[in-house]
Amino acid sequence: MTRTVRDCFNTGRPTFSFEFFPPKTPEDHRLLWTTIRELESLRPDFVSVTYGAGGATRDRTIEITERIASDTTLLPVAHLTAVGHSVAEIRAIVGRLADAGISNVLALRGDPPGNPLGEWVSHPEGLSYAGDLVGLLRSHGDFTVGVAAFPYKHPRSESIEQDTLRFVEKCRRGADYAITQMFFEPEPYLRLRDRVAAAGCDVPIIAGLMPVTNMGTIDRSEQFTGAPFPADLGARFAKIADDPKAVRELGISETSKLAQRLIEEGVPGIHFYTLNRSRATREVWANLMSGAVSD
């Protein structure tokens, strides 16, 4: 029987998962597979492989997902985006995934190439929303489908209320679960969970976390989420910005405490954005498993 992410929510404990992206160089390729092997020993519930803007890494995404499925014990999830593709192209990609035995897909509208916050333009023969992609996947076989959730709201949503309605619509089109964009304090996630529940939607929302390991992580988080980094936490990092070791230690500590708080709040899962490196993720994981998290 094929394993699915849907099955992972039936264990009575939070899921743990990791995200990778397709490498660009031979050295990056070696680093990715070293990371995959190191994290495989932690026995995560699943791992996901991202899909470049405009389908830039489509073939590599599928190849890596196929290799994870065939050469490791891990359960892979392939990202799939609508940006830059016609419906015919998306159907062909979905068929290739199915032929490869990949039944777990994260359905995303996708960011414009070159600028995640740039103007989003639909392909003239494509799809306009992630919900449309969810519906297409649902019509093409027994896929387990995940979608994105936005603790701070999607940068293009006019309001929190509009963002919530769009998320619930994706779920009603057939999404089995969601993974949030990264966040760094519990309140945005908890507010998201509460407003989705209030809208009558009970789809599991996995928390997406990434440890701050250097000051550049803060800048990248603001680029990808479209939301400012938490001011109080940012001030703490700013005080030690000239000490890379201290920055990293604070980042690991804060992510460990955040993950522990979310687990206590009943989060259905934790998803780590690894940047194709294992050390920080393994350190947070070890803190959680050993009970070494403290205020």
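View 1. E283 has a relative accessible area of 25%, where buried means under 20%, exposed over 50% and partly exposed in between (1.4 Å probe, protein chains only). This is a predicted model, in which local features need pLDDT of at least 70, side-chain atom pairs count only at pLDDT 80 or more, and totals for chains, interfaces and linings use all residues. Residues are numbered from 1 along each chain as its sequence is written, and side-chain values use heavy atoms, leaving out hydrogens and water. E283 forms a salt bridge with R248, with 2.9 Å between the closest N and O atoms. E283 belongs to helix α11 (residues 279–290) and R248 to helix α10 (residues 244–264), so their contact ties together parts 35 residues apart in sequence. R248 itself is buried, at 17% relative accessible area. A salt bridge here is a side-chain nitrogen of Lys or Arg within 4 Å of a carboxyl oxygen of Asp or Glu. Helices (H or I, at least four residues) and strands (E, at least two) are DSSP runs, numbered from the N terminus. E283 also meets R279 in a salt bridge, 3.0 Å from N to O. R279 and E283 are four residues apart in helix α11, about one helical turn.

View 2. K257 counts as partly exposed at 22% relative accessibility, while E254 counts as buried at 17%. Looking at the whole structure, you will find 14 salt bridges.

**View 3. Strand β4 with its neighbours β3 and β5.** Five of the five residues of β4 (residues 104–108) are buried. N104, L106 and L108 point one way from the strand, and V105 and A107 the other way. In a regular strand, side chains alternate between the two faces of the sheet. Strand β3 (residues 76–81) runs parallel to β4 and is joined to it by four bridges; two strands pair if DSSP finds at least two bridges between them. Strand β5 (residues 144–149) also runs parallel to β4, with three bridges. L106 is a handy landmark: H79 is its bridge partner, and G146 in β5 stands opposite L106.

**View 4. Aromatic pairs, starting with F18 and F272.** The whole structure holds eight aromatic pairs. F18 and F272 make a tilted pair, 6.0 Å centre to centre with 40° between the planes. This pair links distant parts of the chain, with F18 in strand β1 (residues 15–20) and F272 in strand β8 (residues 269–273), 254 residues apart. F18 is buried at 0% relative accessibility, and F272 is buried with a relative accessible area of 0%. F184 and F229 form a tilted pair too, 4.8 Å centre to centre and 50° between the planes. F184 lies in the loop between β6 (177–182) and α7 (186–198), and F229 in the loop between α8 (215–225) and α9 (231–239), 45 residues apart. Rings of Phe, Tyr and Trp (its six-membered ring) pair if their centres lie within 6.5 Å; planes under 30 degrees apart count as stacked, over 60 as edge-to-face and the rest as tilted. Ring pairs also link F16, F18, F272 and W285 into a cluster.

**View 5. The charged end of R67 over the ring of W33.** The charged end sits 3.8 Å from the ring centre. A charge counts as over a ring if NZ of Lys or CZ of Arg is within 6 Å of the ring centre and within 35 degrees of the ring normal.
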